[in-house]
Amino acid sequence: MADRTFYNEILTEHNIRPEFKHDLPDADIVLEGVNPSCGDDIWLKLKLDGDTICDGAFVGDGCAISQASADIMLGMVIGKKKEEAIQMGEIFMKMIRGEATDEEIDNLEEASALRDIAHMPARVKCAVLGWRTLKEALDE
Ligand code: ZN
């Protein structure tokens, strides 16, 4: 198991240099996700080509965990089919509940940096905000 410092570095890196935190003027889906308990407020923007998420971005404000989680999520789901993205989200939720297998967590790539959130109940809503908003956006 990689150490905590390594995971913190991933989260810090996504906060300092987010790759997907920008506007996406020609987005097909725009949905706001709010976590009032922390004050996290993001707008998720997705561009679809049939069933494939061909581009995505987010804007908004929030704590380091919510912002890093949304940025990591977009890096994972762009280029994927809608149902693959929803499935990744379900595995992410399982990890946050502490129910995912090691193999499932490995498949989450950088999102596995958030595995310790399972032991921090107050931060769970921050970590899942992006994924919850994504699921809502794709379910419509
Ligand atoms: Zn938060």
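## Helix 3 against helix 5

Helix 3 and helix 5 pack at an angle of about 155°, and are therefore roughly antiparallel to each other. Roughly antiparallel means an angle over 145 degrees; under 35 counts as roughly parallel, 65 to 115 as roughly perpendicular and the rest as oblique. Their axes are 10 Å apart. Axes are lines fitted to C-alpha atoms, for helices over the stretch in contact, and angles run from 0 to 180 degrees between N-to-C directions. Helices (H or I, at least four residues) and strands (E, at least two) are DSSP runs, numbered from the N terminus.

This is a predicted model, in which local features need pLDDT of at least 70 and side-chain atom pairs count only at pLDDT 80 or more, while totals for chains, interfaces and linings use all residues. Residues are numbered from 1 along each chain as its sequence is written, and side-chain values use heavy atoms, with hydrogens and water left out.

The crossing of helix 3 and helix 5 is left-handed (the near helix is turned anticlockwise from the far one by less than a right angle; clockwise would be right-handed).

## Helix 2 and its two partners

Helix 2 and helix 5 pack at about 40°, with axes 7 Å apart. The two are therefore oblique to each other. Their crossing is right-handed. The contact divides into 9 nonpolar, 3 polar and no charged residues.

Helix 1 and helix 2 pack at about 85°, with axes 8 Å apart. They are therefore roughly perpendicular. Ile 10, Leu 11, His 14 and Asn 15 in helix 1 meet Ala 64, Gln 67, Ala 68, Asp 71 and Ile 72 in helix 2. This contact has 5 nonpolar, 3 polar and 1 charged residues.

## The nonpolar core

The largest nonpolar core has 40 residues. Such a core is a set of buried Ala, Val, Leu, Ile, Met, Phe, Trp, Tyr and Cys residues joined through side-chain atoms within 4.5 Å. Leu 46, Val 77, Phe 92, Met 95, Trp 131 and Leu 134 have the most contacts inside it. Helices 1 (4-16), 2 (64-77), 3 (82-96) and 5 (124-139) each supply at least two core residues, as do strands 1 (29-35), 2 (40-49) and 3 (52-61).

Beyond four places in sequence, Leu 46 touches residues including Ile 29, Ile 53, Leu 74, Leu 134 and Leu 138.

Phe 20 lies in the loop between helix 1 and strand 1. It is buried, with a relative accessible area of 13%. Buried means under 20%, exposed over 50%, and partly exposed in between (1.4 Å probe, protein chains only). Phe 20 is in contact with Phe 58, Leu 74 and Ile 78, among others.

Lys 47 lies in strand 2. At 24% relative accessibility, Lys 47 counts as partly exposed. Its contacts include Asp 26, Asp 28 and Asp 55.

Glu 109 sits in the loop between helix 4 (102-107) and helix 5. Glu 109 is exposed, at 53%. Its phi is positive, about 50°, although Glu 109 is not a glycine.

Note on methods
Contact = heavy atoms within 4.5 Å. Nonpolar A, V, L, I, M, F, W, Y, C, P; charged D, E, K, R; others polar.
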